[in-house]
Amino acid sequence: MSTHHWIDVAVQTPAHSQVGGLLSYRSPFVVQPGQLVRVPLGKRDVLGVVWALRDTAPADMPESAVRDVLGVLEGLAPLDPAWRQLVQFSAQYYQRSLGEVALSALPPQLRDLSNEQLARRLKKQNTERTVQTTPGPALSDEQSAVLAQMASGSGPFLLFGSTGSGKTEVYLQAVERMLTTAPQAQALLMVPEINLTPQLEERVQARFGADAVVSMHSGMTPAQRLKGWLAAHAGHARIVLGTRMAIFASMPHLKLIVVDEEHDPSYKQQEGARYSARDLAVYRGRLQNAPVLLASATPSLESWHLSRPAHDDDPGGRYQRLLMPSRIGTGLLPKVRRVDMNKQPRRTVLSAPLVAALQERVERGEQCMLLLNRRGYAPVLHCADCGWKSECQHCSAFRVFHKIDRTLRCHHCGLTERVPRACPECGNADIAPIGRGTEQLEEHLGELLAHVKRPDGAPIRIARIDADTTRLKGALESQLASVHSGEVDILVGTQMIAKGHDFRRITLVAAVNPDTALFSSDFRAPERLFALLMQAAGRAGREAAQSASSEMWVQTFHPQHALFEALKKHDYPAFAASELAERTAADLPPISHQALLRADARTQEAAQALLNAARETLEAQLSADPATADLVMQVSVYPAVPMSMQRVADVERAQMLLESPSRMALQKMLWHLHSVLHQVRSQPEHKGVIRWLVDVDPQAI
Ligand code: ADP
Ligand code: ZN
Ligand code: ZN
């Protein structure tokens with residue numbers, strides 16, 4: 001390696017900075033790409049990653065202005081080319097600066113360590129670990145078949161397996177096989193939210209020994225994060241168990257990536273670089289030649305579509321689909337019962353048959369779970385007399401009720417009208433937004449069941465778990481523990497309680513009011529609802545002996561809706577087929593690809609004006625150049641509309657949707673848009689704009 005005086009270094013720069021996060025320095029040291037260095041930036045000393053060595057001084061600045069590298073972090077192997085490629089791709093694809101993505105992927109404490117401190121840390125780590133695994137149970141036939149398919153294919157794989165079919169056991173055995181066949185191999189095991197599933201962490205550690213496993217998630221202290229990162233980077237940690245951030249872990253010997261509950265929206269980062277860790281897992285797997293296993297009982301429609309079998313003139317998807325339809329042992333899935341709320345007295349919250357069923361279970365000493373699904377669904381207006389809902393005439397979507405100016409707006413085409421005084425269909429003046437909260441439900445339930453006693457004669461105990469009750473550290477764990485220990489008879493909560501918990505004594509799960517999601521402005525709402533209800537159903541009857549009498553109740557005004565029909569049969573493929581048919585007809589993802597451009601400003605007009613100006617400039621520039629004129633045809637750019645959360649903390653927010661059947665065309669368009677925004681943003685009439693950002697493959701529009 002020859003000495004290079006000029007190097008490009010990735011440093012933390014503002015999100016949209018024109019330099020893209022790479023700055024040139026002169027290095028008095030011999031360095032290699034991927035090495036960590038300290039460099040001056042403005043008045044500060046910052047951490048940077050050597051990105052490239054250059055043969056000549058940078059052309060765009062006088063040599064005397066180029067500053068010197070201050071030092072090299074010694075003892076750390078350079079970040080490998082695959083890691084740098086992953087960062088580079090993520091920055092490009094999600095439209096952020098490379099420096100921002102690179103630096104936010106490193107543990108913050110690395111910035112503050114002296115070389116002496118770093119040396120001490122590195123010395124503390126054991127050098128060699130060949131791993132002790134505790135054997136798992138004998139595999140079921142379905143589990144064995146899936147592992148055999150994995151061994152003979154290259155992936156990516158989509159494991160479609162029922163709740164309780166033993167998917168986790170498959171990951172553990174796949175990891176075990178990989179560890180025993182490749183001497184240094186590392187595995188990345190990703191989960192949506194670790195604090196919701198502390199059981200999994202224990203299970204992995206029990207299997208492979210606590211030393212071989214490190215966790216990576218945002219709930220860790222800076223010191224823990226640094227320790228875990230160093231262990232993975234040095235190859236000592238053989239298994240990294242983490243949330244979406246773990247996709248950027250430095251793992252030089254990565255040989256397997258597992259994405260558990262791959263459909264979960266929390267794999268999408270919602271600030272900064274808005275990456276999808278699930279999608280990056282597939283990219284990284286290809287890059288490092290590591291098989292990728294995505295798994296879910298209710299796969300995302302994206303992954304389901306990508307794993308479709310070949311058919312007539314369709315060559316099929318790139319993913320290989322693996323199936324585990326049965327619960328382990330003799331366990332059965334709960335019986336699904338629908339309560340037709342049209343036949344209940346008006347304004348009924350909990351129907352009489354459900355209340356009776358709850359009472360019966362509690363008196364028998366069994367546990368119940370009540371789910372109220374509210375989060376993330378903007379309310380839609382509804383007429384209880386004739387069933388009218390605020391549908392858009394031009395789109396297969398519902399218009400959203402904006403309370404702030406009392407309008408109904410379509411987030412696809414922008415159609416806006418004042419909220420009608422009465423139902424446009426039947427004249428009923430009593431039209432209302434749909435929606436109700438968990439707190440009210442808990443109180444109501446307490447009143448309805450005040451007279452009910454447990455088998456030991458003690459009064460019934462109801463507990464609520466949602467974002468409000470779990471704000472304090474440790475609150476969720478202690479509340480979950482009280483459910484596991486049997487103190488709680490009825491658990492009321494949001495989707496938090498439906499995820500992954502291995503509750504052993506719950507025999508009845510009820511969705512109180514799932515209908516809102518059927519009429520959301522967000523086209524993904526039914527997909528999310530179905531996943532949530534299937535997950536929730538999966539909490540009932542996990543003890544095989546109780547599974548035959550376990551039930552999932554759904555209160556609905558639309559008992560015949562295809563979604564509930566599919567739920568009754570536990571038939572995800574049927575649901576996915578009907579949903580995909582609708583998406584195809586409407587040219588929505590996964591058939592098309594989307595990106596959102598968003599602007600925040602003091603007024604809604606200013607936010608929209610920037611977006612619309614960018615759109616006009618973009619189309620004018622691209623159409624004028626024969627080399628880019630095609631792009632205008634390939635990508636639809638819609639006019640700006642207010643976001644459904646239109647105002648947050650006195651900031652007005654607007655968005656503009658870009659849509660294309662071609663991911664490549666959409667990416668090209670975004671690159672043009674990026675430079676157009678820099679031009680437009682600097683014009684004096686757009687001074688009022690606070691910021692803009694791009695969300696590629698947005699999860700909610
Ligand atoms: P999933 O992840 O599909 O919901 P799990 O892997 O958690 O399912 O398995 C459900 C239950 O079955 C767990 O209690 C697990 O320990 C048990 N289990 C999984 N595989 C086996 C097996 N091959 N033999 C016996 N029990 C198993
Ligand atoms: Zn009506
Ligand atoms: Zn519309």
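In which loop is Cys423 found? Keep that in mind while you load the chain; this is a predicted model.

**Stop 1: the domains.** Colour by the domain assignment. Domain 1 covers 5–106 and domain 2 covers 141–328. Domain 3 comes in two pieces, 331–375 and 437–585. Domain 4 is 378–435, and domain 5 is 593–696. Now put a distance between the C-alpha centres of domain 2 and domain 5: they lie 35 Å apart.

**Stop 2: ligand 1.** Select its shell, which holds 14 residues. The closest are Pro137, Gly166, Lys167, Thr168 and Glu169. Then highlight helix α5, residues 167–181. This helix gives the most to the shell, with three residues. By class, the shell divides into eight polar, four nonpolar and two charged residues.

**Stop 3: Cys383.** Zoom in on strand β16, residues 381–383, where Cys383 lies. Cys383 counts as buried because it has 21 C-beta neighbours inside 10 Å. Beyond its neighbours within four places in sequence, its contacts are Trp388, Cys423, Glu425, Cys426, Asn428 and Ile431.

**Stop 4: Cys423.** Here is the opening question settled: Cys423 is in the loop between β19 (416–418) and β20 (431–433). Is Cys423 buried or exposed? Cys423 is buried, because 20 other C-beta atoms lie within 10 Å. Leaving out residues up to four places away in sequence, Cys423 touches Cys383, Asp385, Cys386, Trp388, Asn428 and Ile431.

Terms used: Residues are numbered from 1 along each chain as its sequence is written. Chains are lettered from A and ligands numbered from 1 in the order in which they are written. This is a predicted model: local features need pLDDT of at least 70, side-chain atom pairs count only at pLDDT 80 or more; totals for chains, interfaces and linings use all residues. Domain bounds come from an automatic or database domain assignment. A residue is near a molecule or strand if its C-beta atom, placed from the backbone, lies within 6 Å of it. Helices (H or I, at least four residues) and strands (E, at least two) are DSSP runs, numbered from the N terminus. Ala, Val, Leu, Ile, Met, Phe, Trp, Tyr, Cys and Pro count as nonpolar, Asp, Glu, Lys and Arg as charged, and the others, Gly among them, as polar. A residue is buried if 20 or more other C-beta atoms lie within 10 Å of its own, exposed if 12 or fewer, and partly exposed in between; C-beta atoms are placed from the backbone. Two residues are in contact if their C-beta atoms, placed from the backbone, lie within 7 Å.
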